[in-house]
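Colleague: I am new to this structure. Could you take me through it by question and answer?

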Amino acid sequence: MAMLRFLFRRLVAQRLLALGVVLTLAFSVGVMASGPIYTDAARNSILASAIATASVPVANVRVDLYGGSSFHWASADRQVRALSSLLPVRTIVPQGEATVRIGPSGGSVPMLFRAGGGAHLAYRSGTAPGTGQVAVPIGLAQLSGIKLGDRLEVLGPTNEQRTVQVSGIFDPPARTDAFWFGEDTPFPQGDSMDPVPVLVDGPTARTLATELGLSTHFAWDLYLSLAGITYPDALNLPDAYVQFSTEIDHRLIVQQQPPHVSSGIQILIAGVQRSVSDLRVPILLVLLQILVVTLVVLAGVGVLFVSRQSFELAVLHSRGFTTRTLLLAQGLQALLAAAFALPIGIAIGALLSRFAGLTNGPRPGEAGFPITVSLSSVLFGAAAAAAGALVLWLPSIPAVRRTIIAERRQTSRETRPTLARAPVELIVLPVGLFALAQLRNGEALAPATAGQGSIDPLLLFGPTLVILGASFLVVRLLSWGLGSLDGRIGRSRRLSTYLAGRRLGRTPGVVFASAVLVVLATGLLFVSTTYRATTLQNHEDAAHAFAGADWVATVGIPPDGSNAFDRTLPPGMADVERVQPDGFTGTYSTPPEGLAVDPATFQQAAWWRADFAAESFEGLLGRLAAPAEGMTLPQGSRTVELTIDSPRGAAGLELRAALRRPDGSFTSTEPLTLAEGSHPYVLDVSGGTSLLSLTFEAPSTTTHTRRMLLMMTGVRLDGAPMSLAGWAPIGSLGAGGRITPASGGWTFTASFAIGSALVAIEPKPVAVPAIMSSDIAQQEPTTMQLRIGDRTLPIQRVGTATSFPGIAPGTPFIVVSGPALFELQGAVPGQGGRVNEVWTHGDRDPTAAIQAAGFPVIDLLSARTIEGRLDEAPESLAVGLDAAAAIAGLGLVIAGVTATLYFAQRRRDFEFASLRAMGAGAPALRGTIAREQFALIGVASIAGVLLGDVVVRLATAPLLRTVSTSFPAPVIVIDVAALIVALIVIAVAATVAAVTATRALLRSSISAVLRGDPE
């Protein structure tokens, strides 16, 4: 107890130095404790984000079977609900679907019941169905003329019929609506031509099934309660699912047909387990790398601590205390420091883990990064505290052996600290350089157990060792440089320069330790934040390159209005059609893909990286602008008149004119049926701004090729002659022909191909401008004929790019002007393309805005979600913790160096009092301290940044290989913001230390200081 009291009093007496020791040791403890804390938080975050981003059928369970009219639904429902206790079920939604004939037309449609489904539909009129009622989709209502309140006949397979009343008319829901079980929704999506189900309630569905003899596809959708589930609980889900499936198979059998149970929960949890397993090795490597650095720093602090206690240890040894006793006392002192450091270190570890999680990119589904302190984190921290105590204790071994005489001799002879005299750089630096050389040559091998998400250990330890060794080398060179300038400094006429230079050159202890720490911390910060910034930026680039924009919505056919590039979208949105071009003459490993975009809006929405093309994105899109197609009609145009001499084979063809309206949409005139012989025809073109084509459509598709001659004379626009010179046949589905001048008009030799039903002529089309991939540009001519949709169109290359957002890497692509493409396609009535995607820039979900613009949203792809999943790769999480530790370590170094410099200046009371007594003014003394501080801290900081930059350049190739994305090509990203903030904080801290120390020195009494002991 006496020994403990002595140690405690000594710590109190040396409280500031003891505080530095405890904090440094606590940081070492916190680094190790952060490993388990960060791993636990990461695995829970990975689990939460995997659940948040999984589709509804993957994260939930569906039980389905087929039952006839005698199926006992209530019994099956009780069995499913009873067995659902094996799973964490939030709610169960039963569903049944049968096929019936309904309405005036008697067409077959699915009849659907889904518990609570009526509340999840948007009704144009009416309400959800009750008993004996039915709700019909808007498409069926418009097609069959069904109105609210009508009574409809429902027929079964045996022609039995019952009557139901229409209770409402609804719009089909979006595929993204989780209530309808996501992509397994019973409603057809996209361009599917399947009929939309009519909706009834459960009792009505069961009654009709019994009375009409319907076979029904029953399903129970079990929505699992997975929000907030922990990783250990999630590991039990696959076994619970297997048990549930087995029990369902045994108990729920209908007519010898077992039910079908489906879910992706096993695959989901297996993927999470794989990611968590791959995470352990990278995190452990990062912990070891940081621990090596912190123990080196702790060893330096231990040396400083023992040097402050060496005199009293010598006195005690001279007074009879044995070496063993003194070693025991120093060991107890180290253990006491470790005991104080352990709880502080655990708190630092939790804060470090939280900071790393919050700064390591977005979390999918806003999953967060839950931090909990586990037993393993405490044990890791205790192990680090024990290792730190040992490091603190080892420098005491030589100190406790010296007597007071030996200590005074040692003090009088020592000119440089031991760490400064030892050639550390000659040992550490070559090892680090060899590791980097191995990495650059690609010869280093990651541990086989690391898995796909591994980080090569040399990628962490190589730069660390280089920076550690180079820090000693840089400071040694600075020290030698100052020593060589000693004579010049002695001849300086400025007092502040003389005093600052002499102190920096002749008091190497504080200078050496402080400079090494600043260079080391700044260099490691540069490398670690570069690793993190490079990883995060390339994940962001890869996500945007895959998606094409921040958000990409797949949209369906608008319920009203045009589906072309003529809708007004909010700023930051662009409509896009994904097309499949054909007709290339070159050879490609994968079929070329295409995008039709509006150059006026696409740049605002799409993501772009400068290395995708040799010229700017704006310049490329500017080339996609094309003049309007068709023949411009004078304002107020009303009619196009012409006389057509038709052969017998042309009788029955329907003549129409395709027009473009002022709002950019397309329409066509009412069809006029051709009669045999020569007859006049008048087409109403009022409301059109451009005449796009004249089309001749057969009543049905042609089963054999045929040709016919159509003689067109007396072509007039509002009574004035109109020329067809320069007009050309349209190539559509193999149809074509030739138009030639003839006496008084033009002859159109129309050619119908097998399967075609239409021939047409149009003003000579302007080639659609296009941006093409490099491989297409190398194999194809500048102008070519490509088939897009039903038309063969002239395409002109106006730009070349190596990559394009939204196009998979290595895929040949062509990006065309959407408005120009649609104008040419609009020349063929009923055969134009449609906008099928909307790209959006911004952070907010654009679904509501897109739907308000008239496009129904079928699916939504978020680049941020993709980026978040990439950021959960093991190597990404590891470098995130590494960067967080480097930032925290720099903060600790800044605080320690600032405090050290402040107290070092305060201990110069006698020196400054003497200078003041001899007439030195306050400006000279302020200048002295300022020059010392900023020469030391400034040069060390700049040296650390330059050293980090050199190491990053040496490690560029292996670092880019570690990034888990290959497209676009990864690039090195320097976290300039973090470096600027760090340098600003260093400058502010140094300024505060210099100002406060100067003020305290200048306020002290000269006489009181000079009367005291100068030592």
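Modeller: Two strands pair if DSSP finds at least two bridges between them; strands are DSSP runs of E, at least two residues, and helices are runs of H or I, at least four, numbered from the N terminus. The model is predicted: local features need pLDDT of at least 70, side-chain atom pairs count only at pLDDT 80 or more, and totals for chains, interfaces and linings use all residues. Residues are numbered from 1 along each chain as its sequence is written, and side-chain values use heavy atoms, without hydrogens and water.

Colleague: Which residue in β13 does Val579 stand opposite?

Modeller: Strands β12 (residues 573-579) and β13 (residues 593-597) run antiparallel, joined by four bridges. In β13, the residue opposite Val579 is Gly594.

Colleague: In what order do the nine strands of the open sheet lie?

Modeller: The pairing in this sheet is mixed. Its edge strands, β28 (783-788) and β32 (857-862), each pair on one side only. The order is β28-β29-β27-β30-β13-β12-β31-β11-β32.

Colleague: Which element gives the most to the lining of the second largest pocket?

Modeller: A pocket is an open set of points on a 1 Å grid over the protein atoms alone, where a 1.4 Å probe fits, with protein on both sides within 12 Å along at least five of seven lines; lining residues have an atom within 4 Å of a point. Among the 39 lining residues, the closest to the centre are Ile138, Gly139, Pro172, Val196 and Ile557. Elements giving two or more residues are β3 (107-114), β4 (122-126), α5 (138-144) and β32. With six residues, the one that gives the most is α5.
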